[in-house]
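I opened a new notebook page for this structure. These are my entries, in the order I looked things up.

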Amino acid sequence: MIRFTVNGAERTADPVGPESLLTTLRDRLGLYGSKDACEQGECGSCSVLLDGELVCSCLVMTADTDGSAVVTVEGIADGDTLHRVQQAMAEGGAVQCGFCTPGIVVAAAHLFEAHPDPSEEDLREALAGNICRCTGYGAIVRALGALSERAE
Amino acid sequence: METARPTHLDAALDALDADPDATILAGGTDLMVSVNYHALRPASVVGIRRVVELQEWEGRFIGAGVTYTRMEHGPIPALAQAARTVGSSQIRNAGTLGGNLGTASPAGDALPVLAALDAKIVLRSKGGERTLRWDEFITGPKRNALQPGELIVGARLPESIPPRQAFAKLGIRNAMVIAITSCCLFREEDGTTTIALGSVGPTPIRAHRAEEMISGEADPSPAAIAEFGRLVAQEVSPIDDHRSTAAYRRHASGVLARRLLERVLTR
């Protein structure tokens, strides 16, 4: 049995063998925000924070997470109040099919926490591991760029 | 599945001594792909990402648990450049130097840096410690000299590292690519030059004839620089695969070698 915190709440999970944190989040804890696409760390749609670091949850073995703190896309908003990254993406039309959106929200929220004034190049590099197969990068970068302190 | 989560090296080595066939898990960026694609079903795992001794970066010793993110912000520019080319920030936050050595892929991005510096790989088991030069440790494509019960503790670099250094990697985009070819070059003020390349042989390789030629040129002429690139292209032994052709890899290796030499000469 694994004990960890997920979005600030104490949780336990009983992973089957070496299953990934992504599988545990979705299939055992009912947190479907983290998306399951490539399962090889290529697409970023399962991005979460593990002990404050941005990682692909598909590449984390749940059995190795005992005692860790996990934040998923469900933990990014403050209750019903959207995170400013979510607000900006909604207002900026930075969502097409939406499949990559949770991973981009987690990665972008994490970026702005450490670097409040990213340039467009910084944003593109920080999101390089998050693939949008609608190719909607322009709207995403414009929406998020407007949040940068450089934009004010 | 048995899982050990040691926080200290002694405990990790005890766990491996008790269960030498246990699967060693560091950042998971290679291992979990095998798990997810049903190529690997470990019976027992020793997770080493909490082992504090493996996080150490003391002068010229880099612990096996140091992530690419730390290398990217570390004091060795060529290693920082190599680390920045790895995957994405998600991958760089998880993947480690020890994992790059453990996987021993010909395309391991940090490996040409270790090869060009003749790094020593430090291995430890409950029975003791041994140190192998990088080319004694990496024995073939995805093969290394690690024995059951042993752990990669880190890499020891030479005391003196020339400030003239550069790394470059060729792929179809800047992020999330496995190298078509990669190249790392160091040059001392007396001209002594080392160059190593990845993805163009069964292991990372050194271009010794090219090194010898250019090391004798105190102030290389354009002709000498061109000859250096030509020799490097001759010395690599690439293959055709789904990422590139052998012919293109050979050509690109020579171009990268020439460019890196020009880059370190003009700084």
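Predicted model: local features only at pLDDT ≥ 70, side-chain atom pairs only at ≥ 80, totals over all residues.

Entry one. Setting aside neighbours within four places in sequence, I found A108(A) in contact with V85(A), L127(A) and L144(A). I then checked the largest nonpolar core, which has 124 residues. A108(A), V46(B) and V113(B) are the members that touch the most other members. Helix α3 of chain A, residues 101-114, gives this core its largest share, eight residues.

Entry two. I turned to G92(A), which sits in the loop between α2 (84-91) and α3 of chain A. Is G92(A) buried or partly exposed? I counted 17 other C-beta atoms within 10 Å of G92(A). A residue needs 20 or more to be buried and 12 or fewer to be exposed, so G92(A) is partly exposed. Not counting residues up to four places away in sequence, G92(A) touches A139(A), R142(A), A143(A) and A146(A). I also noted L144(A), 52 residues from G92(A) along the chain, with 8.5 Å between the two C-alpha atoms.

I looked at where the two chains meet. On chain B, 25 residues are in contact with 23 residues of chain A. Which elements of chain B give two or more residues to this side? They are α2 (31-36), β3 (44-47) and α5 (89-94) of chain B. α5(B) gives the most, with five residues. By class, I listed eleven nonpolar, eleven polar and three charged residues on the side of chain B that touches chain A.

Entry four. I went to helix α1 of chain B, residues 9-18, and looked for its buried residues. They are A12(B), L13(B), A15(B) and L16(B). Down the axis of α1(B), these buried residues fall within an arc of 155 degrees, so they line one face of the helix. Among what covers the buried residues of α1(B), I wrote down β1 (2-4), β3, β6 (120-125) and β10 (151-156) of chain B.

Entry five. Last, I looked up a helix pair in chain B, α10 (residues 222-235) and α11 (residues 246-265). Their axes come within 7 Å and cross at roughly 145 degrees. The crossing of α10(B) past α11(B) is right-handed. The residues making the contact include I225(B), F228(B) and V232(B) of α10(B), and H251(B), V255(B) and L261(B) of α11(B). I sorted the contact residues into eight nonpolar, four polar and four charged.

Definitions and conventions:
Residues numbered from 1 in each chain as written. Chains lettered and ligands numbered in written order. Axes fitted to C-alpha atoms, helices over the stretch in contact; angles between N-to-C directions. Left-handed = near helix turned anticlockwise from the far one by under 90°. Contact = placed C-beta atoms within 7 Å. Nonpolar A, V, L, I, M, F, W, Y, C, P; charged D, E, K, R; others polar. Core = buried A, V, L, I, M, F, W, Y, C linked by C-beta atoms within 7 Å. Arc of directions from axis to C-beta.
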